[in-house]
Amino acid sequence: MPLVPMRQVLDEAAKGGYGVGAFNVNNLEQIQAIMDAARATKSPVIIQASRGARKYANDIFLYHLMVAAAEIYPEIPVVLHLDHGNSPETCKSAIDMGFTSVMMDGSLMPDGKTPSTFEYNVKTTREVVEMAHAKGVTVEGEIGCLGGIEDGHGAGLDGLSHLTDPAQAEEFVKLTGVDALAIAIGTSHGAYKFTSKPTGETLKMDRLIEIHKRLPKTHLVMHGSSSVPKELQDIINQYGGKLKPTWGVPLEEIQKGIRNGVRKINVDTDSRLAITGAIRKVFMEKPEEFDPRSYLKPARDAMQQVVTARMTAFGQAGHASEYAALSLAEMTKRYASAKN
Ligand SMILES: [Zn+2]
C-alpha cells in the first residue's frame, strides 16, 4: 500500500470511534518497531518526523525508509506526517519530499519558541492548507500553546499557561479549513509532564469535551501524550539512569479523549524511554558486548512492545484491512469538490 493521506486514516478512525497513535521516528529501528507492532496488531498507523528528526536523519533517508516500510508491510495503511512545522516553507519542503500530511504549528512564531498572535496563526495555517490541499496532503493546525520543549521546539512554558480557548478553536477551524486540530489542555512535551498523577486541575479534559461539542467534525489531536509508565522509568534508573520521578497522561484519560473526538495521539517519550532502558540493561549486564546489534535489537523489541500496548489501548488494532488507500490525487479532487 502506498503512503496514505492522514485525512483518510482519521476519517476512518472517526467512523470506527477509535484513536490512532502518531509515533515519532529518527531512524531505521524505530520505523521497524512501529511497523512490526502495526503488523502484529493489524493497525493503521501514523509515523511522524519532527524538524529535528529530518535534520538528524536527512529527509531523503527518512522518506526512503518510509517507502520501504510501505513496500514491506503492504497490508498496513501508513501515514508520513511532519510534526510541528514552524513555517509554510518547512511544510512545503515536506510536501515536496512526499510527506502525506503536515502540521503547521502557527501557535508559535517561526523561531518555534515565541507564542504568536491569533491573526498570524490563521494566516500562516490558511496558507499551508491551500498549498497542501491542492496536492491532497492533510493539514494539522494548533491553537493554544502546548507546554515543554521537544527537539528544540516549544515555548518552554508549563502546560497550563496557554490553554486552548474553545470559541477561538471554533473560529480558527472555520477560517483555516484544517483537517485536524492540536489543542492545549495541560499536556507538555518531554518526559516531565506532571509532578504528580494529573487531576482535573492539571489536565483539562472538560475543555477538550467542550471543544469537541463545538467542532464535532474536526479531528482533535493530543500532543505530549506519552503515559511515561513507572516501569519504563524504573528500568532506566535500575541500570544506572537518573530520571527524576514524573507522570505522563494516563491511558484512561486518553481513552476518554478518544470518546470525545480525539483521533490522533502523539507518542514519543514512551518510545525513547523503552529504547534507553533496554540499551542501559545490555550495557550494564554485558559490558563485554560491542556489536551494536546486541543492544539495538533489544531496544527495538522494547519499543515494539510499548507501541503494541498503545495501539491496543487506542483502539486502532484490528482496523488495518478495512479500507484501501486513497491516492493523493483522489484526495486533491475531494478537497476541490468540498470547496465548490
Ligand atoms: Zn507536539
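Two strands pair if DSSP finds at least two bridges between them; strands (E, at least two residues) and helices (H or I, at least four) are DSSP runs, numbered from the N terminus. This is a predicted model, in which local features need pLDDT of at least 70, side-chain atom pairs count only at pLDDT 80 or more, and totals for chains, interfaces and linings use all residues. Residues are numbered from 1 along each chain as its sequence is written, and side-chain values use heavy atoms, with hydrogens and water left out.

Strands of a sheet pair through backbone hydrogen bonds, either parallel or antiparallel. Here eight strands form a closed barrel in the order β1-β2-β3-β4-β5-β6-β7-β8, with parallel pairing. From one strand to the next the twist averages 25 degrees.

Start at strand β3 (residues 78-85). On one side, five bridges link β3 to strand β2 (residues 45-49) in the parallel sense, and Ile47 stands opposite Leu80. Strand β4 (residues 101-104) also runs parallel to β3, joined by three bridges; Gly85 has Met104 as its bridge partner. Together with helix α5 (residues 88-97), β3 and β4 make a right-handed β-α-β unit: with the strands pointing away from the viewer, the path from the first strand over the helix to the second runs clockwise.

Next comes strand β5 (residues 138-143), parallel to β4 and joined to it by four bridges.

Methods: Axes fitted to C-alpha atoms, helices over the stretch in contact; angles between N-to-C directions.
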